[in-house]
Each structure stands twice: as structure tokens, then as C-alpha cells.
Amino acid sequence: MTDFQEIVDADGRIEPRDEMPAAYRKTLIRQIAQHAHSEIIGMQPEGAWISRAPSLRRKAILMAKVQDEAGHGLYLYAAAETLGADRADLLDLLHAGKQKYSSIFNYPTLTWADIGAIGWLVDGAAIVNQVPLCRCSYGPYARAMIRVCKEESFHQRQGFEILHTLSHGSPEQKAMAQDAVDRWWWPSLMMFGPADSPVDGDAAASRGTGHTAQSMAWGIKRFANDELRQRFVDMTVPQAEVLGLTLPDPDLRWNDETGHHDFGEIDFSELSEVIAGNGPCNAERMSHRVGAHEDGAWVREAAVAYADKHARRATQGAA
């Protein structure tokens with residue numbers, strides 16, 4: 001595996017036919033599959049609002065966004081297949097509860113303002129998380145992420161524009177926007193994962209410890225969870241000021257010494273509960289996903305039959 005480590009150390013790209021450690025392959029399949037599942041499950045909370053969007057323009061934009069998420073899932077399942085994974089097997093693992101998707105999609109979208117909050121906060125956090133993946137050491141994943149991040153940037157601007165319109169509208173509209181931000185702020189911070197393991201209270205030494213250490217050594221992950229979370233907070237605070245909305249954290253304030261915003265303690269027990277399947281919408285999301293998969297079985301069967309028919313004709317023609 002000398003060539004593998006040399007490529008990684010040189011900040012190069014590992015391609016599907018290159019030698020790679022079995023653990024590297026396994027880690028990538030798990031991460032890419034979870035990412036793909038998240039894109040597909042993530043269509044549900046926003047898709048539910050397509051028919052209820054307040055104007056034809058809003059419907060068209062939201063339809064385009066949900067369609068983008070389906071495309072992101074396609075790119076990512078294709079990237080996982082370059083590692084030898086089978087897409088059908090990955091979906092079976094998801095449906096059986098043996099693979100995960102992002103916990104953020106287990107929260108309900110109660111009002112139209114939630115669609116804005118998802119775009120601004122959830123997609124904003126996703127961008128911070130995913131832009132470094134454009135430099136991931138595995139080539140197919142890195143290339144897929146370049147397109148995904150470009151489209152997520154549009155999604156984030158769409159959410160910001162929705163909230164800007166609401167926050168500068170009637171008092172009732174602004175209150176609805178504030179309520180959505182209040183509910184989505186803390187789950188968005190949890191998207192970066194649990195806090196990094198401390199090393200004798202030394203934040204610098206803690207970088208890359210715990211579960212992220214090996215992924216960072218392999219060049220799959222570029223930054224630790226807390227680094228990305230801090231970047232997101234620093235990016236979001238001035239945007240909230242433009243919106244005229246308040247982020248629901250009384251401990252949020254600028255720190256001249258660190259050059260960053262301090263923020264309150266995150267209740268990671270909530271994250272653990274949602275990951276364990278006890279979130280507000282876990283059962284609903286999986287029930288809908290499995291039902292859609294089963295309802296679409298005839299399409300997959302028809303596609304296989306069509307391909308088989310043309311393969312037979314090609315064989316007969318060659319004979």
C-alpha cells in the first residue's frame with residue numbers, strides 16, 4: 001500500500017482501480033452511502049410543501065430544489081458503486097435500519113418559514129461540511145461533491161431569500177420566520193456531529209481525535225467537527241443580522257481574543273436520541289421511504305425486462 005499512502009500524503013486522488021486499504025474502502029462506502037441516503041430522505045420534509053407553497057414562483061423553485069436533491073443522491077450512489085457497493089444493497093441496508101441518514105431530516109416542517117430555515121441553516125451547514133469534501137482523497141467522491149456544492153449554494157440562497165421576505169413582511173410573517181429559526185438553529189449545529197474528544201483541555205491537540213482521526217489521516221475528512229461548527233456559526237451570525245432575526249442562544253457573542261463567536265453548550269443527548277430512532281419524524285420518514293421503494297418496484301422490474309429483451313436481441317443479431 002506504499003503507492004496509496006504516497007498519493008494521500010501528496011494530496012492526490014485515489015481512483016477506483018488504485019490499490020486501497022480495505023478499511024479505507026469500507027469507510028468511504030459507509031460515508032458516501034449515508035450522504036446519499038440523506039439526500040433522498042431530505043426530499044421529504046420539503047417535498048411536502050410543494051403543493052402548499054404560497055405562489056407559482058415558489059412552487060417552481062422548490063420543485064427544482066427537491067429535484068436537485070434526487071440528483072445528488074444519484075451522483076453519490078454512483079460514487080459508492082465505484083467502490084464495489086451495490087445500490088440495491090445500500091437501499092436494503094437503509095430500509096432495514098442498518099445504515100443511517102442525517103438526523104436533521106427527522107424534524108417536522110410545520111410552516112412555510114421552515115422551508116426558508118432549512119435552506120438557510122441546514123443547507124448552509126451542509127455547504128460548510130461538504131465544500132472540504134471537494135478535496136477528498138477519493139476522486140469520484142470529490143468530483144461528485146463539486147457539482148453538489150454548487151447546487152447547495154443555490155439552495156442556501158433560496159432559503160435566505162424566503163426568510164428575508166418573511167422577516168421584512170407583516171409582524172405575523174416575521175414571527176413565523178423567527179419561530180422557524182428558533183426550532184432549526186440547534187439541530188443545524190448538531191449536523192457537524194458530536195464535539196471532538198478533548199486532549200488535556202488543549203483545543204489544538206484535540207483536532208483530529210476520536211472518530212475523525214483516521215478519516216483525516218486518509219484525506220477523506222479535512223477538518224474536525226468543532227472547526228466546521230465554529231466556521232458555520234461565524235458565517236451565520238452576520239447573516240442573521242441582515243435578516244433581522246435572532247439566533248436562539250443567549251450565550252452567543254463575539255470574542256475578541258479568539259476572533260470567533262462564543263456560543264452556548266449543545267445538548268448532544270438530543271442528537272443521540274434522534275440518531276437512535278426517537279426523533280419526531282424518524283418512523284414517518286422511513287415508512288414513507290420504504291413505501292415509495294415498494295411502490296416503484298414495477299418500474300425497476302420493467303427496466304430490467306427491457307434491458308434483458310434488448311440484450312437477447314443483440315445476442316441473436318450477432319449470431
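A pocket, on a 1 Å grid over the protein atoms alone, is an open set of points where a 1.4 Å probe fits, with protein on both sides within 12 Å along at least five of seven lines; lining residues have an atom within 4 Å of a point. A volume is the space filled by probe spheres set on the points, which are joined across faces, edges and corners.

This is a predicted model: local features need pLDDT of at least 70, side-chain atom pairs count only at pLDDT 80 or more, and totals for chains, interfaces and linings use all residues. Residues are numbered from 1 along each chain as its sequence is written, and side-chain values use heavy atoms, leaving out hydrogens and water.

**Exercise 1. Describe the second largest pocket, from its volume to its lining.**

Step 1: The volume of the second largest pocket is about 280 Å³.

Step 2: Its lining includes Asp226, Arg229, His261 and Phe268.

Step 3: Helix 11 (225-243) and strand 2 (260-262) each give two or more residues to this lining. Helices (H or I, at least four residues) and strands (E, at least two) are DSSP runs, numbered from the N terminus.

Step 4: Helix 11 has the largest share, three residues.

Step 5: By class, the lining divides into four nonpolar, four polar and four charged residues. Here Ala, Val, Leu, Ile, Met, Phe, Trp, Tyr, Cys and Pro count as nonpolar, Asp, Glu, Lys and Arg as charged, and the others, Gly among them, as polar.

**Exercise 2. Now do this for the largest pocket.**

Step 1: The largest pocket has a volume of about 1300 Å³.

Step 2: Of its 46 lining residues, Gln34, Asn129, Met191, Phe192 and Gly193 lie nearest the centre.

Step 3: Helix 2 gives the most to this lining, with seven residues.

Step 4: The classes are 18 nonpolar, 18 polar and 10 charged.

**Exercise 3. Find the residues that touch the most other members of the largest nonpolar core, then follow Phe232.**

Step 1: A nonpolar core is a set of buried (under 20% relative accessible area, 1.4 Å probe, protein chains only) Ala, Val, Leu, Ile, Met, Phe, Trp, Tyr and Cys residues joined through side-chain atoms within 4.5 Å.

Step 2: Among the 47 residues of this core, Trp112, Trp120, Trp184, Trp185 and Phe232 touch the most other members.

Step 3: Helix 6 gives the most to this core, with 11 residues.

Step 4: Beyond its neighbours within four places in sequence, Phe232 has contacts (heavy atoms within 4.5 Å) that include Leu121, Val128, Trp185 and Phe192.

How values were computed: Buried means under 20% relative accessible area, exposed over 50%, partly exposed in between (1.4 Å probe, protein chains only).
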